Amino acid sequence: MLGECGMKERDKLALKKNSVALCKEMVVDELLIQFLQAEDVLTEGMAETILAEPTSHKRSWRLLSLLPKRGPQAFNSFCTALKETEQQHLCTLLIRFRERERFPEPVFPLPTQECAVPAKRARTHESMEMCLDADSPVTTAVLPCTPEFYMSHSAQAYQMSSSPRGLALVVSNVRFEPELSELDTRRGGEVDEEVLRRLFTELDFTVSLHKDLTVQAMRDCIEQFARQSEHAVCDCSAVCLLSHGVEGSIYGTDGQLLELDWVFERFDNARCPLLQNKPKMFFIQACRGEEMDSGVDQIDGDDGKEPAGCEQRDAGREEKTERQSEAGDERERERLRVKLPQRSDMICGFASLKGFSTAAMRNTKKGSWFIQEINTALRLRARDTHLSDILVQVNGRIKEREGYAPGSAHHRCKEMSEFTSSLCKDFYLFPKYCPNS
């Protein structure tokens, strides 16, 4: 029997009998929840309760406990949501169980498996980057900034009113020349480059995408981008480099290394005057070594005390006496001349940590963990969060993720992203808001 607000018994049974598999394999993220909200399966309060759960397993259990009480259409809406979030194999599992006699064959195609491990996504190992599957990229539209938010935050932030906002360069090396290097094809790299192209296009950037470049071609491409005259009328810029890598460098398709410090120099205040005092963002999706982070067990209890901080002092304070003795005309010249540091107003996100020689994780079907989280965070948070805080949130999301490959050395492997910043103001993108229009 079906109650006034109940679910059909066969649908309830399908959820109950497959609940273990669903909790183990299902990705309950903002996109899935938004879809169920749009279908009136979940209220806003229910959505917040689910997403507030600290682990993926608990989010799944919370959702499954609510669905049977959400009406006769909740099951079909849930299956559609799984399909729309690229979890068709779970949708197939439920449909086949519910209507096994009518539909002996899968209703939806199963995802391609790369190994025999019965996990929620296929996994293999490649050199330099680990190809582990995880959450799907968020495809919801970039959420717009409101005029009220712009008015209340623009004064303390970098100017961000141009249209386009800036120029964006994406360099993606996926296939490497076998006669020149032993580097594997970065399967899933194509997903990253398309995710970034769409993301920055929606953020009102003019995007240039270049694929499979040798080191010299990368140098030429980056130098040409840094010299573009359009930087003069834009308020920021973005550079995304996707490749295999080691600490401090990334590989070209010819197996040669390009130093990242050389890249940053092309955009410093001396070599790129058109971007002086404008924020410049960099995202580096590459390993910084080949060691896999196996993670450590968390010990419950209070956090350890913070180490005592170093005492800081102005770099020039100790030379005060010498400066006082300088000639008056030299002081006057220095007073009148406005100078900038060699390099400033940059922020760079790295997929893995410096100094630990760690590998970055890449999903052969959905793209890399780091680019997935950058995409998700910018789409959902850029409207009211400045970039430094967004990258802190990305770090938090990466910290929670782990590989799933039972029986292999990569099971429960970890990754940790980080960022460096020389920003001097809040860096809000104020998406989809043009104060001059």
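Modeller: Happy to! The protein chain exposes about 22300 Å², and carbon and sulfur atoms supply 49% of that area. Please keep in mind that this is a predicted model. Of its 437 residues, 48% count as buried. The protein chain holds 15 helices and 13 strands. Among contacts with a separation of 6 or more, 77% join residues 24 or more positions apart.

Now to the helices. H4 covers residues 44-51, and H5 covers residues 56-66. Their axes come within 8 Å and cross at roughly 150°. Angles over 145 degrees count as roughly antiparallel, so H4 is roughly antiparallel to H5. On the H4 side, the contact is made by Met46, Thr49, Ile50 and Leu51. H5 brings Arg59, Arg62, Leu63 and Leu66 to the contact. Sorted by class, the contact of H4 with H5 has five nonpolar residues, one polar residue and two charged ones.

A word on the cysteines, since you may look for them next. The count of disulfides comes to zero, with a pair of sulfur atoms needing to be within 2.5 Å. Cys145 has 6% relative accessibility, so Cys145 counts as buried. Cys424, by contrast, has a relative accessible area of 56% and is therefore exposed.

Conventions: Residues are numbered from 1 along each chain as its sequence is written. This is a predicted model: local features need pLDDT of at least 70, side-chain atom pairs count only at pLDDT 80 or more; totals for chains, interfaces and linings use all residues. Side-chain values use heavy atoms; hydrogens and water are left out. Helices (H or I, at least four residues) and strands (E, at least two) are DSSP runs, numbered from the N terminus. Buried means under 20% relative accessible area, exposed over 50%, partly exposed in between (1.4 Å probe, protein chains only). Contact means heavy atoms within 4.5 Å. Accessible areas come from the Shrake-Rupley method with a 1.4 Å probe; for residues, only the protein chains shown count as cover. Axes are lines fitted to C-alpha atoms, for helices over the stretch in contact, and angles run from 0 to 180 degrees between N-to-C directions. Angles under 35 degrees count as roughly parallel, over 145 as roughly antiparallel, 65 to 115 as roughly perpendicular and the rest as oblique. Ala, Val, Leu, Ile, Met, Phe, Trp, Tyr, Cys and Pro count as nonpolar, Asp, Glu, Lys and Arg as charged, and the others, Gly among them, as polar.
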